[in-house]
Amino acid sequence: MSKRFYLTTAIDYVNGQPHLGHAYEKIITDVIARARRALGEEVFFLTGLDEHGQKVQQAAHAESKTPQAYCDELAVSWKSFAAKLSLTNDDFVRTTEPRHQEVVQAILTKLHASGHFYKTEYKGFYSTKEETFLTDKDRRPDGTFDPSFGEVIELIEENFNFRLNAHQAWLIDYIESNPGFISPAHRRNEILGFLKNNTLEDLCITRPASRLNWGIPLPFDPNFVTYVWFDALVNYISIPAAHGDPVVLAALGLPNSALRPPPSALPLWPADLHVIGKDISKFHAVYWPIMLKAMGLPLPKQLLVHGWWQKDGAKISKSTGNVVDPLAVIDEWGLDAFRFYVVRELDIGPDGNWTDAGFQSRYQAELANGLGNLINRSLSMLKRYRTGVVPLRSDELAADAQKFSQAAVECLQNCQLQTALEEIWKLVNRANQYVDQTAPFKLAKDPAQTARLDEVLYNLAEVCRVLAVLLAPFLPETSEKIYAQLGLGALSGKFEASAWGGLKTGHTIGEPAPLFPRKDQPK
Ligand code: MSP
């Protein structure tokens, strides 16, 4: 192992409200992080907040707060949101932190010195809401700008631009010769289509401090602050730098100062995975690789682009009230039910649709009646018929367990989370079918069937254990509960533990208890 598996989420705008979309991205990234650890890799998982820009400045002003005080307050609730989702992130970045700003400024200094920027006057239209300059291409046929741009103002101002044109050819080449760089494939094709059919316009990377001061000052011109996207993307390397990553420190000429921990742990950069939503693929697949190339840093290995959630077939929107409040769902149904639904319902790529009925139906069918019922009846029968003592080992379900475990683990290696759950549920269903076929409750009534009942009870208890190991990345609380009910203490956290035969004859299990209480009256 020469580096840690380094994966990131997008960093959320601090002024937004945590919603289903944010929760989804964080959960899928967390499942991948947990799965990689279970595969034996060292992992570094980063998430955090994007805190600069005009919207934050305006929102703070409207509440008569300084932007920093405003961000500090909101950061508390975003961090508690991450904790509520049981994310196993190794760090949490805020773009207002000195450790981040220092790296942004080092990059700006380096790229300026090597001639990547030039100053120019801009005259035209600007959307504050999107913090972006508009061109005639953004106009609708009637000449107006789309209402999604919010208020559009006319501007004349000087700014620094980043020369992008020279980068177009190698980037196309890179994306074509590294087919795994942008996943899924149709997102790669979209980016390639964009690059091949347009001339890349230079990127404006500053805003005049007179108009917007809530940003990172340009180190070589105090009249400007850094454009929020240039600032935000850098989080993916500023945190490795803060952790002493030698590749990043060397490229930026940053000293490994006393502020940074000694680089004892394995390096991080290049990132293995940036998990992002489809709306920000251009920033990550075009601007970010160009920034890295200009800095002399290797590119991330993969951009994993997920789709967007809707609710009841319509856009999620606070103003229309069409929202799913993840915290309310978790309070009512439990964290694991929420994590399960979002991963099981939506594959990484297409758009998804949340319906309360769909959520409740998966809860009943797959969690309560499928997994929960299997664990509860298996362990209850072992308790009732064998006082909870594990009988002689039997391997009747070993081949099935191995087949489905292997398939699930292979899916997890490829970030196919939905399919991994489908494989795991094949084992759940096989074991429930085994209960029906072997009918242990009948065997228990026949003294001549003692040995057969032992076999059945062993197979069921061991399948429960194997399932706990496989489900740990998805349903961490449930896995721990299953292990506790089996009287096994903490999970090792490694997939190796799913090998058949882990339960030892003579071991006494703990107390069975329902994992997913039935809610027979859908609300
Ligand atoms: N701050 C930028 C990202 C900077 S990354 C260097 C941003 N923030 S955001 O808060 O608007 O979005 C954060 C992530 O949430 C993005 O990946 C975005 O695609 C995702 N989602 C926001 N709404 C979503 C849905 N309705 N569904 C799924 N994901 C969505 O963009």
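Helices here are DSSP runs of H or I with at least four residues, and strands are E runs of at least two, both numbered from the N terminus. Keep in mind that this is a predicted model.

With that numbering, Ser394 sits in the loop between helix 13 (356-386) and helix 14. Is Ser394 buried or exposed? Its relative accessibility is 10%, and buried means under 20%, so Ser394 counts as buried. Setting aside neighbours within four places in sequence, Ser394 touches Glu455, Tyr458, Asn459 and Trp500. Take Glu455 from that list: Ser394 and Glu455 are 61 residues apart in sequence, yet their C-alpha atoms are 5.4 Å apart in space.

**Helix 14 and its end**

Now for the helix that follows this loop. Helix 14 covers residues 398-413, 16 residues in total, and spans 22 Å from its first C-alpha to its last, close to the 22 Å expected at 1.5 Å a residue. Its buried residues are Ala398, Asp400, Ala401, Phe404, Ser405, Ala408, Val409, Cys411 and Leu412. Why do they end up on the same side of helix 14? Because they cover an arc of only 160 degrees around the axis. The face turned away from that buried side carries the exposed residues Ala399 and Gln402. As for what the buried residues pack against, that would be helix 1 (20-38), helix 15 (417-438) and helix 17 (450-471). Just after helix 14, Cys415 takes a positive phi of about 60 degrees.

Arg36 has 12% relative accessibility, so it counts as buried. A polar atom of the Arg36 side chain lies 2.7 Å from the backbone oxygen of Gln413. Again leaving out neighbours within four places in sequence, Arg36 is in contact with Phe5, Glu41, Val43, Leu412 and Gln413. One of these, Leu412, is also among the buried residues of helix 14.

**The ligand**

How many residues surround the ligand? There are 23, and the closest are Ile11, Glu25, Asp50, Asp279 and Trp309.

| Residue and atom | Ligand atom | Distance |
|---|---|---|
| Ile11, backbone N or O | nitrogen | 2.7 Å |
| Tyr13, polar backbone atom | oxygen | 3.1 Å |
| Trp308, polar side-chain atom | oxygen | 3.2 Å |

On its own the ligand has 660 Å² of accessible area, and the protein covers 94% of that. Which elements give two or more residues to the shell around the ligand? They are strand 2 (12-13), helix 1, helix 7 (228-233), helix 8 (235-242) and strand 13 (273-277).

**Helix 5**

Helix 5 takes in residues 168-177, and its buried residues are Gln168, Leu171, Ile172 and Ile175. They cover an arc of only 100 degrees around the axis, which puts them on the same side of helix 5. Exposed residues Ala169, Asp173 and Ser177 are carried by the face turned away from that buried side. The cover over the buried residues of helix 5 includes strand 8 (182-183), helix 6 (185-197) and helix 10 (281-295).

Terms used
Residues are numbered from 1 along each chain as its sequence is written. This is a predicted model: local features need pLDDT of at least 70, side-chain atom pairs count only at pLDDT 80 or more; totals for chains, interfaces and linings use all residues. Side-chain values use heavy atoms; hydrogens and water are left out. The expected span of a helix is 1.5 Å times one less than its number of residues. Buried means under 20% relative accessible area, exposed over 50%, partly exposed in between (1.4 Å probe, protein chains only). The arc is that of the directions from the helix axis to the C-beta atoms. Contact means heavy atoms within 4.5 Å. A residue is near a molecule or strand if one of its heavy atoms lies within 4 Å of it. A polar contact is a pair of N or O atoms within 3.5 Å; within protein, one must be able to donate a hydrogen and the other to accept it, and residues adjacent in sequence count only if both atoms are side-chain atoms. Accessible areas come from the Shrake-Rupley method with a 1.4 Å probe; for residues, only the protein chains shown count as cover.
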